[in-house]
Amino acid sequence: MTGREPDRFSYIDALRGWAILLVLLTHAAQGRMAAEALSQAAPHSPVLDLPSWLQQICAHAGSGVHLFFVVSALSLALSARKRREHGLGAYVIRRFCRIAPMFYAGIALYLALFGWGPRLYAPDGIGPGDVALTFGLLHIWSTNALNSVVPGDWSVGVEVMFYLILPLLLLIGRAPVRLAALTLGFVLMAQTIHWIGAGFGPFGNPGFPSQSVVFLFGLIAAKAVEWKRFGSSPSPALRESARESAAFRLRKEATRQARRRVVSVSEPDEGPARQRRNEDSRDFASGSTLTLPLRGSPLPQCGRGVLAMCVFLFLVAGLPLWHLPEIILVYHVQFAALAALLCILLHRVPGPILVNRALAGIGRISFSMYILQFALFTPVFGLAEKLAGRAASGSETLALYYPLLVGATAACAAVTYAAIERPGMRLGRLLILRLQQRGGAIERPV
């Protein structure tokens, strides 16, 4: 989503910030090997020597990409329902202008840095056909082009394929039952691909057929946050139910009072307390106080904030160590389900630890950070090695390398965001405005 799109919540940007920090952690833990993989078919350097528990956490931190997917589906679904645009022209222009400029800059950058030679995912090098597929955003369907022209471009290819089917998914998944059935079907497809053991490629683990299920959990999160019980007022059915309950309480109270008057007409007046209770009951019956308990008292909000923190910590550090065997349920489905729950909780209570200005700022430049990070592996890791010294352990090297990589990537991304991404988004808005003017129906500005 762009900075001016409707329904832009701070927690969405913050989650994108966390997502890119997780992805950078995975690559930082790979040490020099990640840098060599960009220009060698068989890297000879090992990954950093880390304790087994830390190695597991860092290896699974690559699922930050899946957090990107869930948040993308959530934000696009909320945005689509807010705009209610007719036709797909504006949607296609907006998505293309958001992704393509920086991605095309990445193509030029990595061709300049690494040329056409061999690399980890293209042992025989790349050719014009691979570049053409990548330029057309279709590289996800080619084993040799995948992750070769632009490192890590599998996630961009998967995201673009999701853009293409999103309008259909929103149409089919309008009803919660149909969305649940659709999600189950995608889960079974991802699980079947794992059982088959297709490996790396368009129809393997990084391919769109396997990864598409992650976006469905983002759509579920969007449906959940739009549910009436997550709003500031109850649904009509809930309000009517409360009124009926209150009316029954009033009738029961009136009957009790009548019986007491029959038993003892000399019973003294019970004072203002009874009168206040009766007034409260009448207010409750009329619905004037009904919204107060549903808005959430400080304790429930605090509880949701604690729950969100627990879900986040388990997602980052717990799930990598204690997850279901993938023969039962593939890891990215387990991660996506918890990520969707985290989105729902943060939508209601965006706690300052998980959602703050710094993380939101990182989230806004996260796409540039994702594209640029690979170009910085070699120089930043070389600096970290010099600072840590030859005798440093893997954990000590990671403790230096990771923050240096984050800082350098963020600094470069801030420049490309201002110079490439923002002009691209402005161009998209201009094209959409002209499209709407040509159609004779100018909608509100994007």
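Okay, a definition to start: I call a residue buried under 20% relative accessible area, exposed over 50%, and partly exposed in between, with a 1.4 Å probe and protein chains only. Take tyrosine 104: with a relative accessible area of 21%, tyrosine 104 is partly exposed.

Some housekeeping. This is a predicted model, so local features need pLDDT of at least 70 and side-chain atom pairs count only at pLDDT 80 or more, while totals for chains, interfaces and linings use all residues. Residues are numbered from 1 along each chain as its sequence is written, and side-chain values use heavy atoms, with hydrogens and water left out.

Let's start with helix H1, residues 10-29. When I say helix, I mean a DSSP run of H or I with at least four residues, numbered from the N terminus. H1 has 20 residues and reaches 29 Å from first C-alpha to last, close to the expected 28 Å; the expected span is 1.5 Å times one less than the number of residues. Just after H1 comes glycine 31, with a positive phi of about 60 degrees.

What does aspartate 13 meet in a salt bridge, besides arginine 364? Arginine 16 is a partner, at 3.6 Å, N to O. The rule here is a side-chain nitrogen of Lys or Arg within 4 Å of a carboxyl oxygen of Asp or Glu. As a reminder, side chains of opposite charge can pair when their charged atoms come close. Arginine 16 and aspartate 13 both sit in H1, three residues apart, about one turn of the helix. Both of them are buried, with aspartate 13 down at a relative accessible area of 3%.

Now the arginine 364 contact: its side chain meets aspartate 13 at 3.5 Å, N to O. Aspartate 13 is in H1 and arginine 364 is in helix H16, residues 357-364, so this pair ties together parts that are 351 residues apart in sequence. Arginine 364 counts as partly exposed, at 33% relative accessibility. Put together, Asp13, Arg16 and Arg364 are linked in a network of salt bridges.

How many salt bridges are there by this rule? The count comes to five. One of them joins arginine 98 and glutamate 421, whose closest N and O atoms are 2.5 Å apart. That one also links distant parts of the chain: arginine 98 is in helix H5 and glutamate 421 in helix H19, residues 394-439, 323 residues apart. Both residues are buried.

On to the aromatics. Rings of Phe, Tyr and Trp (for Trp, the six-membered ring) pair if their centres lie within 6.5 Å; planes under 30 degrees apart count as stacked, over 60 as edge-to-face, and the rest as tilted. That gives 14 aromatic pairs. Phenylalanine 312 lies in helix H14, so here H1 is tied to a part 294 residues away in sequence. Both tryptophan 18 and phenylalanine 312 are buried.

Then there's our opening residue again. Is the pair of tyrosine 104 and phenylalanine 135 stacked or tilted? Their ring centres are 4.1 Å apart and the planes at 10 degrees, so the pair is stacked. Tyrosine 104 belongs to H5, residues 89-114, and phenylalanine 135 to helix H6, residues 128-135, so the pair ties together parts that are 31 residues apart in sequence. Phenylalanine 135 is partly exposed, with a relative accessible area of 47%.

There's also one aromatic cluster formed by Tyr110, Phe114, Tyr370, Phe374 and Phe377. And the charged end of arginine 95 sits over the ring of tyrosine 163, 5.3 Å from its centre; that needs NZ of Lys or CZ of Arg within 6 Å of the ring centre and within 35 degrees of the ring normal.

Last stop, the loop between H14 (298-318) and helix H15 (331-348), where you'll find tryptophan 322. Tryptophan 322 counts as exposed, at 61% relative accessibility. As for H15 itself, 13 of its 18 residues are buried. Its end C-alpha atoms are 27 Å apart, which agrees with the 26 Å that 18 residues should span. That's my tour, thanks.

Note on methods: Helix = DSSP H or I, 4+ residues; strand = E, 2+ residues; numbered from the N terminus.
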